[in-house]
Amino acid sequence: MISIPVIRGLDGVLAPSEPIPESAIAVVCNGETYTVYEDGDELPVVETVPAGPTP
Amino acid sequence: MTLGEFMKWLSICGYPNRGERLTGGGVGLPALGVCQRPTSERSVTGTTDEAVLASIDLPAGYLGPRGALRLTTLWSYPNSASAKTIRVRLGGQIFCAKALTTSLSFQAMTIIRARGTKAQVASSPSASSDFGSSGAVVQVGSVDMTRDQVLTITAKLEAPTEKLTLEDYLLEVLNP
């Protein structure tokens, strides 16, 4: 897992301060860093949609 | 061979390697004109700032004067009234700007059609769909494609507790 610091452009848009590695399998930006998950890393929890009513 | 054509040939061969690579061509190789897709989903959460989720370098001359860029993006997000805004910029000019709310997923197809080397036309960035009719006028661009340009895909949350995910994108460069 790699943390890439955020940089803010003149237009206020956040961007990674270095390119995201091609080995990344998931990337999450939280406003301060881009967290890069690589093969073998535990991925962040994905919010699941509740199941609908049973027919 | 002009300088622009030489730069395009270098790019097809994979040089220089800046940002995300553009590849294509040949039997058994990736399709001509198809940008290498990302291997990762990319998300923004915990902030209301607009954040770049993908940045693709386009060398000078890559989009021909009669060509088109076709960018297909796939997004997922929670179903809520809070706006989740997706944007696509070429050379800093906006060609897609959609506020997603009470749904769970969205697929956008942004087609930037060249009109010569320094003008483009596309469907309205804020239209609810990239196909069909819209009450908004077409988008006109003035990006100089004789220079290196950057295509960026960004995401912005209204509610920082939510998460907006760029599941995938596919960039095609179509030069007749």
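Student: In this predicted model, which residue of E7(B) stands opposite B:Arg113?

Tutor: B:Val121 does. Look at the strands around that pair. E6(B) and strand E7 of chain B, residues 120-122, pair in the antiparallel sense over 2 bridges.

Student: How many residues lie between E6(B) and E7(B) in the hairpin?

Tutor: There are 5. Within the turn, B:Gly116 has a positive phi of about 85°.

Student: In what sense do strands E3 and E6 of chain B pair?

Tutor: Antiparallel, over 9 bridges. E3 covers residues 68-76 and E6 covers residues 105-114. B:Ser76 stands opposite B:Ser105 in E6(B).

Student: How should I read a nonpolar core?

Tutor: In soluble globular proteins, nonpolar side chains tend to be buried together. Here the largest nonpolar core has 46 residues. Those with the most contacts inside it are A:Tyr34, B:Trp75, B:Leu90 and B:Leu151. Strand E2 of chain B, residues 51-58, gives the largest share of this core, 6 residues.

Student: Which residues does B:Trp75 touch, leaving aside those up to four places away in sequence?

Tutor: Among them are B:Leu53, B:Ile86, B:Leu104, B:Phe106 and B:Leu164. B:Trp75 also touches B:Ser105 and B:Glu167.

Student: Which residues form a nonpolar patch on the surface?

Tutor: B:Met1, B:Leu3, B:Phe6 and B:Trp9. Together they have about 510 Å² of accessible area. B:Met1 lies in the segment before helix H1 (3-12) of chain B.

Student: Why does B:Met1 count as exposed?

Tutor: The cut-off for exposed is over 50% relative accessible area. B:Met1 counts as exposed because its relative accessibility is 73%.

Technical notes: Residues are numbered from 1 along each chain as its sequence is written. Chains are lettered from A and ligands numbered from 1 in the order in which they are written. This is a predicted model: local features need pLDDT of at least 70, side-chain atom pairs count only at pLDDT 80 or more; totals for chains, interfaces and linings use all residues. Side-chain values use heavy atoms; hydrogens and water are left out. Two strands pair if DSSP finds at least two bridges between them. Helices (H or I, at least four residues) and strands (E, at least two) are DSSP runs, numbered from the N terminus. Patches are made of residues with over 30% relative accessible area and no salt bridge: like charges are joined within 9 Å, nonpolar side chains (Val, Leu, Ile, Met, Phe, Trp, Tyr) within 5 Å. Accessible areas come from the Shrake-Rupley method with a 1.4 Å probe; for residues, only the protein chains shown count as cover. A salt bridge is a side-chain nitrogen of Lys or Arg within 4 Å of a carboxyl oxygen of Asp or Glu. Buried means under 20% relative accessible area, exposed over 50%, partly exposed in between (1.4 Å probe, protein chains only). A nonpolar core is a set of buried Ala, Val, Leu, Ile, Met, Phe, Trp, Tyr and Cys residues joined through side-chain atoms within 4.5 Å. Contact means heavy atoms within 4.5 Å.
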